[in-house]
Amino acid sequence: MASNEYFLWWVAASSVVVFLASLVVIPWLIVRIPADYFMRAMKHRSTLVGYNPIFVILLKVLRNVVAAVFIIVGLLLLVLPGQGLLTLFLGLVIADFPGKRRAVNWLVARRGIHRSINWLRRRAGRNPINLPPPR
């Protein structure tokens, strides 16, 4: 019985930490997305050309691991206190997978997410996110 109590305290403490971190980190990252990010044509040029291929692969793996953490935490925050949809959105923006651009554009075009992003940006004195016209 004592081990269950110990586990519950850890779950509660980590929930509070994730909640507080999401209140600070997610808005900070969202306001740094350029306003025309979703309007730009995707260029499949890598800025890592000329680096050691192993280093490039490690960076891509690290990027996707960080994105997976954001996506998992975002899913958890849908039922825990925090900004679940914005965390999911950020995880998708960071991730690198086929069809990402279409998925992220679809997600950010959702009325609630778009409004939340622009509200955060307005509070930070940034221009609202521009979206491509719907197809």
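Begin by selecting leucine 85, which has its place in helix 3 (residues 84-94). Helices here are DSSP runs of H or I with at least four residues, strands are runs of E with at least two, and both are numbered from the N terminus. This is a predicted model, in which local features need pLDDT of at least 70, side-chain atom pairs count only at pLDDT 80 or more, and totals for chains, interfaces and linings use all residues. Residues are numbered from 1 along each chain as its sequence is written, and side-chain values use heavy atoms, with hydrogens and water left out.

Is leucine 85 buried, partly exposed or exposed? Leucine 85 counts as partly exposed because its relative accessibility is 47%. The term buried means under 20% relative accessible area, exposed means over 50%, and partly exposed lies in between, with a 1.4 Å probe and protein chains only.

Nine of its eleven residues are buried, so helix 3 is largely enclosed by the rest of the structure. The buried residues are Gly84, Leu86, Thr87, Leu88, Phe89, Leu90, Gly91, Leu92 and Val93.

Which helix supplies the largest share of the nonpolar patch? Helix 2 does, with three residues.

**Along helix 2**

Select residues 53-77 to display helix 2, where alanine 68 has its place. Alanine 68 counts as partly exposed because its relative accessibility is 33%.

With 41% relative accessibility, lysine 60 counts as partly exposed. Draw a distance from its C-alpha atom to that of tryptophan 106: these residues are 46 apart along the chain, and the separation is 24 Å.

Valine 61 is likewise placed in helix 2, and its relative accessible area of 46% makes it partly exposed. From the C-alpha atom of valine 61 to that of phenylalanine 7 the separation is 31 Å, across 54 residues of chain.

**Two aromatic pairs**

How many aromatic pairs does a search of the whole structure find? The search finds two. Rings of Phe, Tyr and Trp (its six-membered ring) pair if their centres lie within 6.5 Å; planes under 30 degrees apart count as stacked, over 60 as edge-to-face, and the rest as tilted.

Select tyrosine 37 and phenylalanine 38, whose pair is edge-to-face, at 5.0 Å centre to centre with 90 degrees between the planes. Tyrosine 37 is buried at 19% relative accessibility, and phenylalanine 38 is buried at 3%.

Next, select tyrosine 51 and phenylalanine 55. Their ring centres are 5.7 Å apart and their planes are at 35 degrees, so this pair is tilted. Tyrosine 51 is partly exposed, at 49% relative accessible area, as is phenylalanine 55, at 37%. Tyrosine 51 lies in the loop between helix 1 (2-30) and helix 2.

**Lysine 100**

Move to lysine 100, which is found in helix 4 (residues 100-108). Lysine 100 is buried yet has no salt bridge, and the nearest side chain of opposite charge, aspartate 96, is 5.8 Å away. A salt bridge is a side-chain nitrogen of Lys or Arg within 4 Å of a carboxyl oxygen of Asp or Glu; Lys and Arg count as positive and Asp and Glu as negative, while His and the chain ends are not counted. Apart from neighbours within four places in sequence, lysine 100 is in contact (heavy atoms within 4.5 Å) with Tyr37, Arg63, Leu92, Val93, Ile94 and Ala95.

**The whole chain**

Finally, display the entire chain, which has five helices and zero strands. Of its 135 residues, 28% count as buried.
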